[in-house]
Amino acid sequence: MIRASQLHKRYGSNHVLRGIDLDVRPGEFVVMLGLSGAGKSTLLRCLNGLTTPDEGQLSVGGIDLRQRHSRRALARHVAMVFQHHNLVPRLSVLKNALTGRLGAVGVLPSMLQLFPRRDVDLARQCLERVGLAHKADARAESLSGGQMQRVGIARALAQQPQVILADEPVASLDPKTAASVMQCLREATRQLGIAVVCNLHQVEFAREFGDRIVGLAQGRIVYDGAPSGLDDAALEAIYQTPQPPLTEAPRPPMGYQPALAVGGA
Ligand SMILES: Nc1ncnc2c1ncn2[C@@H]1O[C@H](COP(=O)(O)OP(=O)(O)OP(=O)(O)O)[C@@H](O)[C@H]1O
């Protein structure tokens, strides 16, 4: 589903990704952890074709991302879930979900918002999956933050992607709502066999919802394994070495207590 081999990405002299090897299978839910600046979002941008790696091999859904013409094709296979859901507030919930079909219908029908019946049915089914079928006609702006993010997930599902990339999808939500949105994302994608790569800052959510955890530190994978293997040593590799830069305080991973006191007696 995703095959990345020895990916490198530099922004000027900033060597952000330093040899990433990552294979993700259909239906696998991968949670990516790491300090701010570790390179998580950059890796997601490589996976959705927004950024081109400087070196390495990368294919997503069987599409070789080194080829220019593949970007449009990629949009049909890869959907995004954003931290700030990016809904159109004045549109109905159903129409927001339907925007997931924009890449599949022609330009004119999409400008006129004329969607085939089957797309409307699909969008309704996706809303049902995220528990919001009853809100189909409500304006998106009338929903709670958690409900809005569920619509964001429904929109991604309506794209019928092979891969969903989620960049801190629950960072703006309270812990209880965040857990229910993570549950919703995991269940829907598992039922449909969609591979997920999800950036998170909450270690306990990574443990609870991830099939597999990938830890990034300074552009390198320092942990790749089961949630059960995410012990203190693994967390120290992800969060403690090297120390975060003094100018940029990282968001602390929730529930993480370092095993060793830094700078202690
Ligand atoms: N478009 C860009 N141009 C220049 N530098 C960039 C760009 N995007 C990211 N960077 C740099 O790449 C590094 C990694 O950033 P990235 O956003 O991938 O980190 P992250 O792990 O996702 O952090 P966070 O958890 O805060 O989102 C940072 O030093 C950042 O400043």
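Which element gives the largest share of the shell around the ligand? Helix 1 does, with three residues. Welcome to this predicted model, in which local features need pLDDT of at least 70, side-chain atom pairs count only at pLDDT 80 or more, and totals for chains, interfaces and linings use all residues. Residues are numbered from 1 along each chain as its sequence is written. Helices (H or I, at least four residues) and strands (E, at least two) are DSSP runs, numbered from the N terminus.

**Around the ligand**

- The residues that surround the ligand are Tyr11, Asn14, Val16, Gly34, Ser36, Gly37, Ala38, Gly39, Lys40, Ser41 and Thr42; a residue is near a molecule if its C-beta atom, placed from the backbone, lies within 6 Å of it.
- Strand 2 and helix 1 (40-47) are the elements that give two or more residues to this shell.
- Sorted by class, the shell has three nonpolar, seven polar and one charged residues. Here Ala, Val, Leu, Ile, Met, Phe, Trp, Tyr, Cys and Pro count as nonpolar, Asp, Glu, Lys and Arg as charged, and the others, Gly among them, as polar.

- Four strands form an open sheet in the order 2-1-4-5, with antiparallel pairing; two strands pair if DSSP finds at least two bridges between them.
- Strand 2 (14-24) and strand 5 (63-64) stand at the edges with a single partner strand each, so one side of each is left without a neighbour in the sheet.
- Strand 1 is joined to strand 2 by eight bridges, and the two run antiparallel. Lys9 has Leu17 as its bridge partner in strand 2.
- The hairpin of strand 1 and strand 2 has two residues between the strands, and Gly12 takes a positive phi near 60 degrees there.
- Strand 1 (residues 2-11) also pairs with strand 4 (residues 55-60), in the antiparallel sense over five bridges. Ala4 finds its bridge partner, Leu58, in strand 4.

- Strand 3 and strand 8 (residues 195-199) run parallel and are joined by four bridges. Phe29 stands opposite Val196 in strand 8, and Val31 has Cys198 as its bridge partner.
- Strand 3 also pairs with strand 9 (residues 212-217), in the parallel sense over four bridges. Here Val30 stands opposite Arg212.

**Strand 8 and strand 7**

- Strand 8 is covered on both faces, with Ala195, Val197 and Asn199 buried on one side and Val196 and Cys198 buried on the other.
- Five bridges join strand 8 to strand 7 (residues 163-167), and these strands run parallel. Leu165 stands opposite Val197 in strand 8.
- A right-handed β-α-β unit is made by strand 7, helix 7 (residues 175-192) and strand 8; right-handed says that, with the strands pointing away from the viewer, the path from the first strand over the helix to the second runs clockwise.

Notes: Buried ≥ 20, exposed ≤ 12 C-beta atoms within 10 Å, placed from the backbone.
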